Amino acid sequence: MSLLRIRNLSVEFATASGRFRAVDGVDQDVDEGEILAIVGESGSGKSVSMLAVMGLLPWTATVTADEVSFDGQDLLAMDAAARRKMIGKDLAMIFQEPMSSLNPCFTVGWQIREALRIHLGMGRRERQARAIELFEQVGIPDPEKRLGAFPHQLSGGMNQRVMIAMAIACKPKLLIADEPTTALDVTIQAQILDLLTALRDETGMGLVLITHDMGVVAETAERVSVQYAGQKIEEQRVGPLFRTPHHPYTAALLDALPERATEKHLPTIPGVVPGQFDRPEGCLFSPRCKFADAKCKAQVPPALGPDLGRARCFYPLNTDERVAS
Amino acid sequence: MLNYVLARLLTFIPTFIGVTLVSFSFIRALPGDPIQVMAGERGISEERYAELAAQFGYDRPIYVQYWDYLTGVLQGDLGVSFVTKRPVWDEFFSLFPATLELSICAMIFAVALGLPAGVIAAVNRGKFFDRALMSTALVGYSMPIFWWALLLIIVFSGNLQWTPVSGRIGLQYYFPDPTGFMLIDSLASGQKGAFLSAVRHLILPTIVLGTIPLAVIARQTRSAMLEVLGEDYIRTARAKGLTPARINGIHALRNALIPVVTVIGLSVGTLLAGAILTETIFSWPGIGKWMVDSIFRRDYPVVQGGLLLVAVLVMVVNLIVDMLYGLINPKIRKR
Ligand SMILES: Nc1ncnc2c1ncn2[C@@H]1O[C@H](COP(=O)(O)OP(=O)(O)O)[C@@H](O)[C@H]1O
Ligand code: SF4
Ligand SMILES: [Mg+2]
């Protein structure tokens with residue numbers, strides 16, 4: 001049975017100009033020790049869907065789902081107090097902006113020891129020892145000294161390591177990393193991704209990696225879920241996804257990878273992800289899809305079978321006939 | 001840090017000179033002078049007036065008088081009260097503890113109620129408690145102190161007979177006052193009931209003086225909290241599974257304190273201004289009442305000296321507040 005199981009998850013925001021569906025009927029499974037990447041352009045509802053799992057959405061959000069369960073427990077039926085016992089302990093999350101995600105008023109050591117005290121009830125000495133151990137584990141040199149630093153005294157990469165140390169402090173079963181490298185330099189990006197993979201290998205935790213960057217997916221993920229405008233539009237293991245994408249959107253994302261560019265200019269997908277006011281009828285991708293026809297613009301494509309990556313498309317790519325032809 | 005403090009002290013100089021000018025001219029701008037006031041209804045002969053004016057130096061040109069005053073001040077000489085013949089400096093320090101005690105109590109009252117109220121209002125933004133609290137704060141902020149004091153006196157001293165109306169302690173108590181703080185001295189005296197009497201005398205003046213700072217602090221805390229609650233690190237705190245009490249009371253409040261400490265610092269000026277009225281209403285023997293009485297007596301040295309000392313006090317408090325920022329939020333220390 002999967003560690004995290006989501007069925008038909010939707011999130012609607014009440015905004016000044018009406019209701020807006022940011023996540024629309026998403027299914028997701030993450031197994032123990034697995035790395036799932038959720039990929040898609042900005043505004044696709046990647047963050048919102050995982051924040052819904054964590055219970056971190058603001059009160060303007062309405063979450064509905066047929067099932068959201070973690071480690072055999074039903075998250076939908078859980079009250080706030082029970083959820084607090086679990087998040088930050090068995091289910092942890094890190095965010096895009098390491099600099100602003102840590103509290104500027106407290107030392108990073110204080111912030112880590114806090115998690116250890118709240119969830120594990122460790123004593124003072126034990127907490128300090130564990131904090132040092134965690135800093136060593138995430139590759140922060142001179143841990144004793146760094147524990148006394150304030151976030152503004154550390155670099156972005158260091159702060160993201162602190163965030164990771166804090167997230168894994170209570171040995172979670174699943175870590176959700178929301179664009180953990182987007183705000184960092186390229187060289188640091190690779191280091192952080194390597195660290196996350198290494199920690200997964202070491203601890204056997206599951207890892208959900210949210211990213212808009214297919215390059216990050218290629219480097220890190222085992223299974224990939226592609227999200228567009230709040231919907232999951234394709235899902236495959238990473239190898240087949242890169243070789244034979246079925247949804248035109250996935251194919252377009254892959255074409256935009258620098259190493260795949262055949263011309264001088266990088267092909268980009270024209271247009272933007274539809275928001276609250278420009279949600280099209282029919283296929284959500286149809287305004288930007290080069291294969292779109294009248295049917296695409298009129299009818300909503302259903303999800304196809306698992307052999308076609310559950311792609312939501314009338315004309316999937318790389319089906320057997322097309323590959324053959 | 002030392003450089004910063006020195007730079008700030010330098011900016012004190014023009015302010016200081018400005019204050020001496022204002023305090024010097026303010027009291028002279030009022031009609032009547034000390035000699036006329038001393039003479040009272042009986043009046044005074046022309047010759048005697050000229051004699052006294054020469055004795056006090058009022059016959060000399062005004063700029064000479066100011067220069068004398070300024071050089072005196074710079075040598076630490078604030079002059080001698082016309083009325084009591086005691087040095088202004090001594091009078092100030094014998095009365096100051098009463099004002100300080102009242103101000104501290106008013107500030108504690110304002111902070112102790114204003115901080116939690118602001119936090120709770122922010123957390124329950126837009127709900128009933130928030131609206132009720134913010135409207136109350138608006139009323140408290142705009143209520144005339146005098147009217148508010150009378151209302152409290154009528155209800156609590158008049159109708160309910162819970163609290164006394166004037167003074168710092170019941171007349172039956174008498175004991176030495178080494179610190180000048182009635183709460184401490186009454187405890188130290190060991191006299192039965194003395195401390196309780198001091199507390200009961202403090203209650204109404206504290207509420208009256210603390211009401212405006214309370215309203216200001218509650219509103220500032222609320223708006224600072226609202227800003228902080230949207231920050232990324234608050235989401236991190238929630239992702240750690242912390243309780244709302246811990247998130248709001250520790251993670252958010254610590255960051256929201258900077259603007260709150262600022263208004264607390266600024267309130268010190270308001271507080272001393274409010275003390276003048278409050279002390280007069282409650283016959284509280286502090287520097288506020290002292291200065292009002294002196295204005296009526298045209299006691300020039302006392303009014304000049306008192307205003308100056310109060311202004312210096314406000315400046316020093318603001319400097320201390322500035323230095324507190326760095327303690328609360330280490331990021332600010334970097335600048
Ligand atoms: N608190 C909110 N209120 C209203 N709309 C929101 C809120 N948070 C996110 N959204 C909207 O939901 C959509 C999905 O956002 P998000 O999940 O952050 O996208 P992604 O992480 O894929 O870039 C966006 O259109 C965004 O504007
Ligand atoms: S359904 Fe049509 S518009 Fe939508 S992705 Fe498939 S081909 Fe393109
Ligand atoms: Mg996002």
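Helices (H or I, at least four residues) and strands (E, at least two) are DSSP runs, numbered from the N terminus. This is a predicted model in which local features need pLDDT of at least 70, side-chain atom pairs count only at pLDDT 80 or more, and totals for chains, interfaces and linings use all residues. Residues are numbered from 1 along each chain as its sequence is written, chains are lettered from A and ligands numbered from 1 in the order in which they are written, and side-chain values use heavy atoms, with hydrogens and water left out.

**Exercise 1.** Find which element gives the largest share of the shell around ligand 1.

*Solution.* Start with the residues that have a heavy atom within 4 Å of the ligand. Among them are A:Phe13, A:Glu41, A:Gly43, A:Ser44, A:Lys46 and A:Val48. Next, pick out the polar contacts (pairs of N or O atoms within 3.5 Å). A polar backbone atom of A:Gly43 is 2.7 Å from a ligand 1 oxygen, and for A:Ser44 the distance is 3.1 Å. A:Val48 has a backbone N or O atom 2.8 Å from an oxygen of ligand 1. On its own, ligand 1 exposes 560 Å², and the protein buries 66% of that (Shrake-Rupley areas, 1.4 Å probe). Now look at the elements: strand E2 (18-30) and helix H1 (46-54) of chain A each give two or more residues to this shell. The largest share, 3 residues, belongs to H1(A).

**Exercise 2.** Work out how the shell around ligand 2 divides by class.

*Solution.* First, gather the shell: 13 residues surround ligand 2, and the closest are A:Cys283, A:Cys289, A:Cys296, A:Cys313 and A:Phe314. Then sort them, with Ala, Val, Leu, Ile, Met, Phe, Trp, Tyr, Cys and Pro as nonpolar, Asp, Glu, Lys and Arg as charged, and the others, Gly among them, as polar. You get 11 nonpolar, 2 polar and no charged residues.

**Exercise 3.** Decide whether A:Lys171 and B:Ser283 are buried, partly exposed or exposed.

*Solution.* Locate them first. A:Lys171 is in the loop between helix H7 (156-167) and strand E8 (174-178) of chain A, while B:Ser283 is in the loop between helix H11 (244-281) and helix H12 (287-296) of chain B. Then apply the cut-offs: buried is under 20% relative accessible area, exposed is over 50%, and partly exposed is in between (1.4 Å probe, protein chains only). A:Lys171 counts as exposed because its relative accessibility is 62%; B:Ser283, at 34%, counts as partly exposed. Finally, check phi. Most residues other than glycine have a negative phi. A:Lys171 has a positive phi of about 50 degrees, and B:Ser283 has a positive one of about 45 degrees.

Definitions and conventions. Polar contact = N/O pair within 3.5 Å; in protein donor to acceptor, adjacent residues only side chain to side chain.
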